[in-house]
Amino acid sequence: MPAYIQGRNVNLTFRPPNRGPVRALYGFDIDVNEGEFLSIVGPSGCGKSTFLNVLLGLIRPDSGDLRMHGKPIAGPGTDRAMVFQEFGLLPWRSVQHNIELGLELKGVPTETRHNVSQHFIEMVGLSGFEGHFPHELSGGMKQRVGLARALATDPDVLLMDEPFAALDAQTRDLMQVELLRIWQEARKTVLFVTHQIDEAIYLSDRVMVMTKRPGHAKKIFPIELPRPRDYEMRVTPEFNDLKLEIWHALKDEITI
Amino acid sequence: MTDQTLPNPAVPADDAVTRETFVERYRKPLLGALAVLLFFIAWQAVFLVVPFNALFISKPNLIFSGLAELVVSGELWADLAVSAVPFLYGFTAAVVVGVTIGIVMGWRVRVGYALDPLMTVFYASPLVALAPLLIVFFGVGVSGKAIIIFLLSIFPFIFNAYAGVRAVDRLLINVVRSLGGKEKDLYLKVIVPSVLPYIVAGARIAVGRGLIGVLVGEFFAASEGIGYAIAKFGDLFALDKMFACILSVMIIAVVLTEGIRWAERSAFPWRVGQ
Amino acid sequence: MSELQAVDANISTAAPADDLEAPPKSLWRQLEPTVLGVGSIVALLALWEALPYLVTFAPGTKLFFTTPSQIAGTLWTMFATGTIWAPLSVSASGFALGLGLAIVVGLPLGVLIGRSPTLNAMLDPFITAFNATPRLVFLPLVLLWFGLGLWSKVVIVFIGALFPLLINTYEGVRNSDKLLINVVRSFGAKEWDIARLVVVPNAMPYIVAGLRLAIGRAVLGVVVAEFFGSEDGLGVMMVQAAGQYKVAVVFAGLIVFAGLSLVMTGLVQLLEQRLTRWRPQHAAEY
Ligand SMILES: Nc1ncnc2c1ncn2[C@@H]1O[C@H](COP(=O)(O)OP(=O)(O)O)[C@@H](O)[C@H]1O
Ligand SMILES: [Mg+2]
């Protein structure tokens with residue numbers, strides 16, 4: 001049986017005007033199970049964001065086969081939603097209207113839209129901030145809005161591209177706990193790109209390490225730590241062993 | 001379950017991908033040239049269907065032969081030369097006076113406070129409306145036109161020089177000072193390089209306004225000059241020559257503004273993207 | 001437990017309220033720019049008014065001289081007797097029609113060119129050429145085609161105001177945030193939604209700046225079109241006045257035109273404030 005999300009030999013080369021071509025993905029294979037939390041780590045510029053954008057349907061790969069539910073990806077769809085590193089909130093829309101963006105484009109009537117956004121505003125803990133504009137929010141709050149917006153369209157798959165990278169360390173820790181809670185509650189399949197090995201281990205069922213550009217999977221680590229996971233788990237020997245192994249796999253790929 | 005190491009396919013170099021072709025690379029200028037060509041062809045071709053009335057419109061072939069005629073007979077050069085004189089006077093005066101005022105306004109904070117609203121009022125009012133008065137007062141010769149041109153083109157210099165001086169980075173001044181720079185070095189190494197790009201950018205705007213001055217002056221009352229020529233050929237229904245003169249003004253305007261733009265890019269490459 | 005004990009710092013002093021007032025500047029430092037700015041204008045007007053008492057003009061020059069009080073008087077009479085309304089409404093309608101047309105054409109075209117590289121490449125030479133050329137050069141042609149009167153004025157105002165609007169809109173669209181475009185695309189937005197949800201709001205500051213420029217050009221267009229190609233309107237009134245040495249009337253006309261452009265700019269500013277309530281307010285700076 002094919003996996004829930006299955007990529008085979010996905011290739012993509014950027015051809016920026018007036019410059020040489022850049023191969024971003026080459027021979028990229030991936031299998032993601034339904035309901036799984038999969039993290040992707042890899043050196044900067046190895047094609048992680050590119051892959052998420054391909055899966056989201058924003059960029060068409062040059063060749064290869066990428067399917068979800070057995071159906072090839074052909075453009076954006078409401079079964080997938082992305083949480084962006086730089087939040088990507090429309091600055092001229094309030095929290096509530098940002099969260100309703102996807103529903104609006106889906107043609108959901110105002111009444112329903114309002115109920116849905118209210119539900120997710122509560123879920124991410126932003127009650128009372130419905131009317132605030134993005135510039136009035138802290139980084140952590142902005143990313144909660146980003147998360148709520150992605151969840152509001154009820155996608156099957158949540159794509160997260162370094163969602164917490166722009167947050168300070170404490171906020172990031174809190175957001176990770178929140179994310180696990182929400183993931184358990186909403187039962188989505190999550191693809192999570194990060195630079196932090198800790199974060200990847202703490203959150204994931206599996207961690208995929210990518211090679212340097214042009215990127216493809218190098219090694220996949222199952223994380224068999226029991227759930228629910230707590231913060232203290234991060235200082236256990238098992239956790240640290242995993243961290244070291246993943247670091248070894250990753251470090252050969254990093255060039256500065 | 002154990003870790004899964006995956007096969008590592010051999011990756012061809014980036015260059016193995018086909019590079020962009022000539023057409024891909026120069027797509028923009030090629031498309032632009034094509035569009036211009038098509039425009040002239042369509043203009044010419046339209047009269048195969050629509051009857052041609054030479055009193056109201058002309059065709060590219062007639063315009064180009066009209067232009068050639070004006071060039072060969074020397075009429076065009078004569079008119080352009082007549083228009084160029086007041087332009088040079090007015091524009092030069094605008095540069096000198098405008099840059100001076102702007103620099104003083106930027107350098108002396110109180111002068112800036114005092115003159116900023118006044119200059120804004122002048123800039124916001126359509127000074128070209130004074131043209132009839134100036135023409136009546138100074139006459140239709142060089143001085144009347146030069147003064148209109150001066151009035152219209154001085155403000156971009158004032159405002160840009162003003163902005164340029166205010167934008168000089170005080171930190172850089174301190175850096176040069178701390179490295180033992182003298183007053184002269186401050187000017188040569190910090191102030192002039194900071195302000196000059198603003199002034200040149202101002203010149204680009206001022207050129208257009210100066211050309212308006214030339215045309216207004218000459219449309220009013222003149223017996224020579226390129227603006228006069230356009231009006232005259234219009235009155236005579238010599239549409240081919242009228243279009244030829246309009247075309248030459250367009251060419252001059254484009255050469256001047258794009259020339260300044262090019263100079264900006266090559267003289268101040270560090271400002272690209274600002 | 002170790003010897004080190006966490007101490008709950010007991011901060012008893014009340015935290016300062018959020019709405020702490022900005023530290024006061026000295027009154028003079030606050031007022032200086034306004035006082036100097038207004039002062040210089042007043043001083044200039046006073047000097048102008050006093051000039052006839054200070055110097056004696058040659059008879060020829062005297063004919064061309066007027067004072068602010070005379071100009072104000074003329075303006076007053078024009079408004080009081082109502083003689084201004086007929087020419088003003090002629091000028092204003094040319095202005096409004098031309099500018100309106102420029103907005104209707106310029107904004108959508110700017111968005112199209114900004115979003116379509118092909119269209120941009122093809123129209124670029126024309127836009128560059130027409131933008132560099134003072135559009136006044138087409139006045140004789142426009143007069144030939146549209147005759148004296150309203151429509152040639154509308155056309156001149158239109159081609160004058162079109163390019164700043166078009167070019168600014170284009171720049172704004174080109175500078176729209178790629179990330180935001182991707183966000184809405186990821187939710188299934190089509191080109192129209194992208195324009196509506198991201199590109200146009202994003203380009204608003206550019207569009208407003210373009211509108212400001214366009215107002216200036218439109219006023220200029222009205223003035224010149226009326227100088228050369230009209231039988232009535234404020235511009236005509238001014239040319240006739242100049243010929244009859246009624247200098248005060250010329251300046252009165254100039255002031256009315258300036259007022260028109262100020263009022264329009266003010267309206268644009270109001271519009272901008274309404275449209276940009278989402279933007280951060282700048283905190284007070286020193
Ligand atoms: N639109 C683009 N045009 C050209 N090159 C691109 C583009 N997007 C990404 N790249 C290049 O492709 C490579 C992979 O980028 P990306 O997927 O963003 O990396 P990362 O793994 O850090 O997310 C990088 O070298 C990047 O410079
Ligand atoms: Mg990335």
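Which helices of chain C each supply at least two residues of the nonpolar patch? They are helix H6 (139-146) and helix H7 (150-174). Keep in mind, as you look around, that this is a predicted model.

## A nonpolar patch on the surface

The patch draws on chains B and C: B:Leu55, B:Phe56, B:Phe237, C:Leu97, C:Trp145, C:Phe146, C:Leu150 and C:Trp151 form it. Together these residues have about 760 Å² of accessible area.

For a closer look, pick B:Leu55, which sits in the loop between helix H2 (27-49) and helix H3 (60-73) of chain B. B:Leu55 has a relative accessible area of 43%, so it counts as partly exposed.

## The sheet of chain A

Over in chain A, four strands make an open, antiparallel sheet, and their order is S2-S1-S4-S5. Strand S2 (22-32) and strand S5 (71-72) stand at the edges; each has a single partner strand, so one side of each lacks a neighbour in the sheet. Helix H1 (residues 48-56) of chain A packs on this sheet, where it touches strand S1 (5-14), S2 and S4. The direction of H1 makes about 65° with that of S2(A).

## A buried threonine in chain C

C:Thr67 also lies in a loop, this one between helix H2 (59-62) and helix H3 (68-81) of chain C. Is C:Thr67 buried or exposed? Its relative accessibility is 7%, so C:Thr67 counts as buried. Setting aside neighbours within four places in sequence, C:Thr67 is in contact with C:Trp48, C:Glu49 and C:Pro52.

Key. Residues are numbered from 1 along each chain as its sequence is written. Chains are lettered from A and ligands numbered from 1 in the order in which they are written. This is a predicted model: local features need pLDDT of at least 70, side-chain atom pairs count only at pLDDT 80 or more; totals for chains, interfaces and linings use all residues. Side-chain values use heavy atoms; hydrogens and water are left out. Patches are made of residues with over 30% relative accessible area and no salt bridge: like charges are joined within 9 Å, nonpolar side chains (Val, Leu, Ile, Met, Phe, Trp, Tyr) within 5 Å. Accessible areas come from the Shrake-Rupley method with a 1.4 Å probe; for residues, only the protein chains shown count as cover. A salt bridge is a side-chain nitrogen of Lys or Arg within 4 Å of a carboxyl oxygen of Asp or Glu. Buried means under 20% relative accessible area, exposed over 50%, partly exposed in between (1.4 Å probe, protein chains only). Two strands pair if DSSP finds at least two bridges between them. Contact means heavy atoms within 4.5 Å. Axes are lines fitted to C-alpha atoms, for helices over the stretch in contact, and angles run from 0 to 180 degrees between N-to-C directions.
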